[in-house]
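User: Hi! I'm new to this one and would like a friendly walk through it. Could you show it to me?

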Amino acid sequence: MKLVFAGTPEVAVPALDALIASGRHEVAAVVTRPDAPAGRGRRLVASPVAERAEEAGIEVLKPVKPRDEDFLARLREIGPDACPVVAYGALLPRVALDVPAHGWVNLHFSLLPAWRGAAPVQHAVMAGDEITGASTFLIEEGLDSGPVYGTVTEEIRRTDTSGDLLTRLAFAGAGLLVATMDGIEDGTLKAVPQPVDGITLAPKITVENAHVDWSAPALRVDRMVRGCTPAPGAWTVFRGERLKLIHATPVPERTDLAPGELSVGKNNVYVGTGSYAVELLWVQAQGKKPMRAADWARGVRIASGERLGA
């Protein structure tokens with residue numbers, strides 16, 4: 001089939017690479033978000049998908065909105081059979097959805113109908129799910145509600161951050177997306193409506209959502225830190241300034257600390273929760289680089305009885 005691929009961040013690149021390498025389909029163009037300011041100089045930078053497409057000699061379309069007439073005219077001119085989508089980042093209007101004969105097929109990183117929305121991997125980790133996966137589905141105007149073509153499953157490991165899990169799903173999902181395109185082309189694959197039961201929502205996680213509550217149980221704190229890593233980053237407050245929590249682990253044998261209370265040893269930093277303690281392993285103080293928690297604690301000279309949190 002002739003394809004127009006839509007995607008923006010690094011997590012979409014494995015799927016684009018897999019489609020290019022398949023040898024069966026032609027990626028005629030790529031649709032991605034416009035260049036965005038990045039770095040200290042706020043210089044405009046192309047998306048990872050745009051950079052990869054340009055390296056491969058593929059036409060790149062960067063509409064401000066996918067309902068722009070110039071974009072729609074070019075899309076019709078290309079005449080794609082299908083438009084595979086991975087983390088594009090913009091709402092597709094009906095006028096765009098109607099262009100390809102086989103529609104726009106989204107690779108979504110959850111087992112639909114679970115975790116519909118912008119942050120399915122983060123929410124799966126934070127909820128303590130043991131299994132997640134990826135789904136391909138036909139995009140409708142509802143939120144991730146279209147009929148599903150196929151799925152792959154993935155175990156959520158005990159120490160997974162959302163970044164770890166998303167990386168694995170990006171590569172597993174790339175194979176699923178290629179197989180979905182193959183099945184659509186040869187007519188062996190039909191989309192099946194999603195169940196009406198089991199719907200959960202995964203809205204975008206903001207910085208404020210990532211504020212750690214030390215009165216929560218240790219397992220919930222652990223899931224919060226892992227689910228918000230690398231973005232937006234779980235955080236707390238120490239001496240009136242934000243402290244980012246990069247890596248922590250529950251320590252069930254430490255039950256002697258009040259919520260937020262710090263205990264510092266030679267090479268360990270513990271903090272109390274609503275159940276037992278967690279050990280802080282890596283943190284990032286405001287305006288500083290990430291560092292081992294023990295090094296941070298030595299530098300700030302934590303006094304007995306000091307706490308994390310407001």
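**A first look around**

Analyst: Happy to. This is a predicted model. Let's start at a loop: Pro230 sits in the one between helix H7 (218–227) and strand E10 (234–238).

User: What kind of peptide bond runs from Thr229 to Pro230?

Analyst: That bond is cis, and its omega is near 15°.

User: And which bond joins Leu112 and Pro113?

Analyst: A cis peptide bond joins them, with omega about 15°. You'll find Pro113 in the loop between E7 and H5.

User: How many residues line the largest pocket, and which lie nearest its centre?

Analyst: The lining has 39 residues, and those nearest the centre are Ala87, Tyr88, Gly89, Gly117 and Ala118.

User: How do the lining residues divide into nonpolar, polar and charged?

Analyst: The lining of the largest pocket has 23 nonpolar, 9 polar and 7 charged residues. Strand E7 (104–108) and helix H5 (120–126) each supply at least two residues of that lining.

User: Back to Ala87. Where is Ala87 found?

Analyst: Look in the loop between strand E6 (83–86) and helix H4 (94–97). Ala87 has a positive phi of about 50°, although it is not a glycine.

User: Let's switch to helices. How many residues does helix H6 have, and what is its reach?

Analyst: Helix H6 (residues 162–186) has 25 residues and reaches 35 Å from its first C-alpha to its last, close to the 36 Å expected.

User: Which residue follows H6?

Analyst: Gly187 does, and its phi is positive, near 80°.

User: How do H1 and H6 cross?

Analyst: The axes of helix H1 (residues 13–21) and H6 come within 8 Å and cross at roughly 40°. That angle makes H1 oblique to H6.

Technical notes:
Residues numbered from 1 in each chain as written. Predicted model: local features only at pLDDT ≥ 70, side-chain atom pairs only at ≥ 80, totals over all residues. Heavy atoms only, no water. Helix = DSSP H or I, 4+ residues; strand = E, 2+ residues; numbered from the N terminus. Expected span 1.5 Å × (residues − 1). 1 Å grid on protein atoms, 1.4 Å probe; cavity = no way out; pocket = protein on both sides within 12 Å on 5 of 7 lines; lining within 4 Å. Nonpolar A, V, L, I, M, F, W, Y, C, P; charged D, E, K, R; others polar. Axes fitted to C-alpha atoms, helices over the stretch in contact; angles between N-to-C directions. Parallel < 35°, antiparallel > 145°, perpendicular 65-115°, else oblique.
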